[in-house]
Amino acid sequence: KVIATVAPVTDSENPTTQSPSPTPRSVLITGGNRGIGRAIAEAFVANGDHVAVTSRKGGAPDGALDLLCDITDPDAVDEAYAAAEAAHGPIEVLVANAGITKDTLVLRMSEDDFTSVIDTNLTASFRLAKRATKSMLRLRRGRIIFISSVIGLLGNAGQVNYAASKAGLVGMARSLARELGSRGITANVVAPGFVATEMTEALTEEQAKAITDKVPLGRYAAPEEVAAAVTWLADAGYVTGAVIPVDGGLGMGH
Ligand code: NDP
């Protein structure tokens, strides 16, 4: 009886390489000045990686390169990449985290409410991933990680725009996974449930209780709990096209 064994491959020339590269990696995180993105940036900095963080207002955590960039502006994205690459080398890990909500019921949702959320959450993620892919193809390794949401899988009244944008990230990641897998590039999605950040501070106490009542773990996530899934994906050599839930069980089965 022959048992095939497959040893992890670490040769950077080989597309089956187990991890993107030894630490430090060049990492770009959008929306890293607060909330989930900030916790992700802090986790990569703590790991010894070279981290660039983009946002419109600025304020990256200590140890990260602070880049002002509105991700809905293609020229600004190009400039941010150029600055990050000049400082840290080609991007090996992209975390497309920046996102917005503009919640309202469908009959009140304007075209602008819809398209502005799609522009920031989905179209900008395409732009960021396309730009990252250029150098990752040359390196023959890379990690693309989109921060989606359990709402993209479950849907939510008042969030037609947001849910559509977050569901779109799943199709995008899976297409990238198929297109780029042979070059050692993975594309995955992290789907958080409700996380204690400025985004969820906008909810009333009553809305928050209604949510936690439905979460098997009975609480919101801490941003660091989402960051842990992201850093795990950045290390994972044989995971691609996956949707990793960090939702306390809220979306299980989807
Ligand atoms: P916050 O509202 O706290 O932070 C949003 C981040 O995105 C900020 O850093 C903001 O920076 C940045 N951002 C927004 N628009 C733009 C833009 N046009 N260009 C550049 N940066 C932008 O959100 P969270 O930390 O809560 O959420 C982070 C991600 O996680 C989002 O994609 C969100 O949809 C997702 N998520 C959040 C959940 C939650 O419960 N909090 C649950 C599930 C998913 P600045 O304003 O300075 O530009």
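This is a predicted model: local features need pLDDT of at least 70, side-chain atom pairs count only at pLDDT 80 or more; totals for chains, interfaces and linings use all residues.
**The sheet.** Seven of them, 7 strands in an open sheet, follow the order S3-S2-S1-S4-S5-S6-S7, and their pairing is parallel. In general, the strands of a sheet are joined through backbone hydrogen bonds, in either a parallel or an antiparallel manner. Colour strand S3 (65–68) and strand S7 (243–246) next: these are the edge strands, each of which pairs on one side only. On average, neighbouring strands of this sheet are turned by 20° against each other, direction ignored.

Now select residues 93–96, strand S4, together with residues 142–147, strand S5; they pair in the parallel sense over 4 bridges. Which residue of S5 is the bridge partner of Val95? The partner is Ile145.

**A helix across the sheet.** Helix H8 lies across S4, S5, strand S6 (185–192) and S7, and runs at about 165° to S6.

**H1 against H8.** The axes of H1 and H8 come within 8 Å and cross at roughly 55°, which makes H1 oblique to H8. The crossing in which H1 passes H8 is right-handed. To view the contact, display Gly35, Ile36, Arg38, Ala39, Ile40, Ala43 and Phe44 of H1, and Pro223, Glu224, Val226, Ala227, Val230 and Thr231 of H8. By class, this contact of H1 with H8 has 9 nonpolar, 2 polar and 2 charged residues.

**H3 against H5.** Select residues 111–139 for helix H3 and residues 160–180 for helix H5; the two pack at an angle of about 20°, with axes 9 Å apart. H3 is therefore roughly parallel to H5. Here, H3 passes H5 in a right-handed crossing. Residues to display in H3 include Asp113, Phe114, Val117 and Ile118, and the residues they and others of H3 meet in H5 include Asn161, Tyr162, Leu169 and Met172. The contact of H3 with H5 comprises 12 nonpolar, 6 polar and 2 charged residues.

**Around the ligand.** Finally, centre the view on the ligand. Which of the 29 residues around the ligand come nearest? They are Gly31, Gly35, Arg56, Gly99 and Thr197. By class, the shell around the ligand divides into 10 nonpolar, 14 polar and 5 charged residues.

Key:
Residues are numbered from 1 along each chain as its sequence is written. Axes are lines fitted to C-alpha atoms, for helices over the stretch in contact, and angles run from 0 to 180 degrees between N-to-C directions. Angles under 35 degrees count as roughly parallel, over 145 as roughly antiparallel, 65 to 115 as roughly perpendicular and the rest as oblique. A crossing is left-handed if the near helix is turned anticlockwise from the far one by less than a right angle, and right-handed if clockwise. Two residues are in contact if their C-beta atoms, placed from the backbone, lie within 7 Å. Ala, Val, Leu, Ile, Met, Phe, Trp, Tyr, Cys and Pro count as nonpolar, Asp, Glu, Lys and Arg as charged, and the others, Gly among them, as polar. A residue is near a molecule or strand if its C-beta atom, placed from the backbone, lies within 6 Å of it. Two strands pair if DSSP finds at least two bridges between them.
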